[in-house]
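I set out here what I looked up in this structure, entry by entry. The entries go from the whole chain to the sheet and then to the helices.

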Amino acid sequence: MPGVKVVGDPHTKGSLQCVGPRRCKACGGAVFHQLVEDDPTGGGKLWRRQLESGGRALRASIGYTFEGPVSVDATFVLERPASASKRLWPHVKPDLDKLTRMLLDALTSARVIRDDALVCELNVRKQYPGMIPELTGPGVVVRLDLMVDPDALPIEGGM
C-alpha cells in the first residue's frame with residue numbers, strides 16, 4: 001500500500017461563507033453571492049503546500065496516478081493542547097471531515113488521484129503525538145490502495 005508522511009501543523013480547508021449579494025463589476029448588472037474561504041490564521045495555505053509536496057513525492061515514487069476506485073487511510077497527528085493533558089483522544093476541533101477535505105483536494109492537485117470522487121473507502125482518524133510510530137509530532141500519514149471491482153474478477157470453477 002503506497003503511502004506518504006507529511007510533517008507539519010494540520011489545518012482544515014475551512015468553510016465557505018456567503019458574504020451577501022454583490023453586483024458583478026464585469027457585466028455591470030447581474031447580482032450574485034460571493035463566497036469566501038474561512039481561514040483566520042492563514043496556516044491552511046502552508047499546510048496545503050506541504051500536502052501537495054508530499055503528494056508529488058508519492059506520485060513520483062509510485063509512477064502513476066490512481067485512475068480507478070481507491071481506498072484512503074489517513075492518520076492526522078495533532079499537537080496536544082495544555083488543556084487536554086489527561087484526554088486520550090483529540091475529540092475537539094479541528095473537524096476531521098474538514099482535515100480530510102483539505103487532504104483529498106491536495107492529493108488531487110498533486111495528481112496522486114485523478115479525482116477525489118474516486119475515493120470509495122475512507123478510514124481517517126485524529127491522534128496525539130506518540131500514538132503512532134510513524135510520526136512523533138504533528139502531521140499526517142496517508143496510505144492509498146487501488147480497489148478491485150469484484151464484478152471484474154474472473155469466476156473460478158465456472159458454472
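What percentage of the 159 residues in the protein chain is made up of buried residues? I was working on a predicted model, and I found that buried residues account for 36% of the chain.

Entry on surface. I looked up the accessible surface of the protein chain and noted about 9800 Å². Carbon and sulfur atoms hold 55% of that surface.

Entry on secondary structure. I counted two helices and six strands in the protein chain. Along the sequence I read the pattern β-β-β-α-β-α-β-β.

Entry on the sheet. I traced an open sheet of four strands in the order S1-S6-S4-S5, and its pairing is mixed. Strand S1 (3-7) and strand S5 (119-127) each have a single partner strand and stand at the edges, so one side of each lacks a neighbour in the sheet.

Entry on one strand pair. I examined strand S4 (residues 70-77) and strand S6 (residues 139-146), which run antiparallel and are joined by eight bridges. In this pair I located Val70 opposite Leu146 in S6.

Entry on the helices. I found helix H1 (residues 43-62) lying across S1, S4 and S6, at about 150° to S1. Helix H2 (residues 96-109) lies across S4, S5 and S6, and I recorded its direction as about 125° to S5.

Notes. Residues are numbered from 1 along each chain as its sequence is written. This is a predicted model: local features need pLDDT of at least 70, side-chain atom pairs count only at pLDDT 80 or more; totals for chains, interfaces and linings use all residues. Side-chain values use heavy atoms; hydrogens and water are left out. Two strands pair if DSSP finds at least two bridges between them. Contact means heavy atoms within 4.5 Å. Axes are lines fitted to C-alpha atoms, for helices over the stretch in contact, and angles run from 0 to 180 degrees between N-to-C directions. Buried means under 20% relative accessible area, exposed over 50%, partly exposed in between (1.4 Å probe, protein chains only). Accessible areas come from the Shrake-Rupley method with a 1.4 Å probe; for residues, only the protein chains shown count as cover.
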